[in-house]
Amino acid sequence: MQAVLEVKDLRAGYAEREILKGVSFTLGPDDFFAVIGPSGAGKSTLIRCVNRLVEPKSGQILFNGVDLLKLSYPEMRLQRRNIGMIFQEFNLIERLSVMDNVLSGRLGYTGTLRSILRMYTKDDIAQALRLLDRVGLSEHIDKRADRLSGGQRQRVGIARALIQNPKLLLVDEPTSSLDPKISREVMTLIREIAAEFHIPVLCNIHDVDLACDFCTRVIGLQDGLKRFDGPPAELDKAALRDIYAMEVL
Amino acid sequence: MNAGILALRVDGIEAGRQRTRRLRFLTYAVILIAVAWSIEVIVVRDTDWTRITLKSLLESALRFTQLDTSVVPELWKPALETVVMATLATVVGLVMSIPVAWLGAANITPFGKSSYAFGRFLMTMSRSVHEIVWGLIFVSAVGLGALAGVLAMAVRSIGFISKTIAEAIEDVDPKPLEAIRAAGGTKFQILWFAILPQIIPVFVGNMIFEWDINIRRSTIMGLVGAGGLGLLLFRQMAMSNYGGIAVVILAVLALIILGEVASHYARRAVI
């Protein structure tokens with residue numbers, strides 16, 4: 001099976017402080033990876049290097065065989081359309097409606113003039129409605145995003161990522177702003193949707209239990225280096241102690 | 001949701017979006033027509049176009065290019081006076097702004113709606129009168145000279161400074177206030193430890209901005225006899241000495257650029 005994402009010896013950071021010190025891994029088409037590690041380990045930087053929201057210093061990121069780090073800005077923009085992202089703080093446009101937030105996921109495919117006039121195609125609207133129905137929000141399409149609860153807002157974020165028809169989902173701490181029950185619901189939804197649409201997922205998550213329950217493979221980062229790479233079953237106390245560099249009760 | 005219902009709802013959404021789009025276009029069109037009409041009425045119709053020729057434009061522009069350097073020695077004192085006036089006016093304005101902001105911030109105003117309304121009234125009053133008019137008022141009150149200019153600009157500054165402070169106070173994050181209150185803090189301690197640190201950046205930024213504006217204002221206060229470079233400008237204008245006017249305007253420009261540079265560094269140092 002061909003890998004969707006192949007990261008090789010990725011380095012990022014500034015001159016004074018290196019954040020990623022050579023990280024490599026391979027993500028297959030049906031994988032759901034969790035990236036765990038203490039705060040400041042470089043989880044968020046790693047995920048943002050993949051769609052180059054953070055510019056890496058060196059290494060290779062092969063996305064379906066294309067080296068993303070060699071692309072010009074216009075080429076990278078076209079690749080970003082294939083990579084959906086879900087954020088910790090949802091990153092919705094608060095003053096726009098739920099529908100317009102989801103449709104904003106189509107901006108990569110919509111010309112500037114059409115987007116200013118908010119003229120999305122009928123197919124886009126139909127797809128947005130289908131996805132909002134799938135995430136359980138079809139009754140809220142006209143509400144402003146800031147009127148929704150945290151869990152609902154993250155569902156809008158999920159629908160916005162999916163309407164891109166992504167070939168890869170980057171998920172950055174999707175549950176940190178949510179309570180434990182809603183967290184599990186959101187993770188369940190992401191896992192179901194990933195399976196339904198056959199999208200591989202790379203997911204930062206600081207909650208080790210959630211990582212083990214929902215992911216097929218765990219990558220443990222510490223101080224910019226990969227300390228663990230394996231299925232959740234192999235993630236024992238010794239491995240956790242190694243990742244978090246401390247005693248685990 | 002089955003395909004039929006979906007198609008139906010998509011049609012409904014599409015129709016709704018089209019309606020809002022039309023409404024938006026209509027609004028833009030109305031604004032555009034209003035602007036075009038205003039230009040027609042106040043610019044196109046109200047101007048004597050036969051009087052304006054390329055030659056007359058060039059001639060009046062050229063009059064300003066023969067700089068009259070004999071004015072230069074007279075510049076220094078009023079230029080310095082201008083800067084001093086602006087600085088003093090900003091400080092005095094600031095001091096007067098603090099109580100006004102206290103009255104006019106809805107969340108800390110001492111006597112409810114009445115003191116809030118009074119505070120807001122003072123702000124509006126300060127802003128709705130032009131600095132030249134304030135200048136005239138103070139010249140008649142304290143006589144010709146820089147003092148009238150300082151007072152005029154100080155009073156004119158209250159409007160902007162107190163309004164922005166009051167709005168910053170209204171927008172503070174209530175969480176630190178809760179913490180100080182929970183620790184048993186007094187009202188003053190809440191103000192000092194929870195509100196003040198949050199508004200300092202706005203406060204300092206706007207003060208520097210107002211100082212910058214006051215330098216501009218003080219260059220024209222002389223027009224009403226309230227000191228500064230304006231007096232010199234006025235005299236050159238009265239003599240129709242275009243070269244002299246140009247020199248004074250260049251001096252004003254130099255002062256404003258200096259103020260711009262100084263405020264840039266002040267902002268960086270403080271915020």
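**Legends to close-up views of the predicted model**

**View 1. Domains of chain B.** Chain B is divided into domain 1 (3–57) and domain 2 (72–270), with bounds that come from an automatic or database domain assignment. The centres of domain 1 and domain 2 of chain B, taken over C-alpha atoms, are separated by 38 Å. This is a predicted model, in which local features need pLDDT of at least 70, side-chain atom pairs count only at pLDDT 80 or more, and totals for chains, interfaces and linings use all residues. Residues are numbered from 1 along each chain as its sequence is written, while chains are lettered from A and ligands numbered from 1 in the order in which they are written.

**View 2. Open sheet of chain A.** Six strands with mixed pairing form an open sheet in the order β6-β7-β8-β3-β9-β10 (chain A). At the edges stand β6 (83–86) and β10 (225–230) of chain A, each with a single partner strand, so one side of each has no neighbour in the sheet. Neighbouring strands of this sheet are turned by 20° against each other on average, direction ignored. Strands (E, at least two residues) and helices (H or I, at least four) are DSSP runs, numbered from the N terminus; two strands pair if DSSP finds at least two bridges between them.

**View 3. Pairing of β9 and β10 in chain A.** Strand β9 (residues 217–222) of chain A pairs with β10(A) in the antiparallel sense over five bridges. Gln222(A) stands opposite Leu225(A) in β10(A).

**View 4. Arg77(A).** Helix α2 (residues 73–80) of chain A contains Arg77(A). Arg77(A) counts as exposed because it has 12 C-beta neighbours inside 10 Å (exposed: 12 or fewer other C-beta atoms within 10 Å, with C-beta atoms placed from the backbone; buried: 20 or more; partly exposed: in between).

Definitions and conventions
Axes fitted to C-alpha atoms, helices over the stretch in contact; angles between N-to-C directions.
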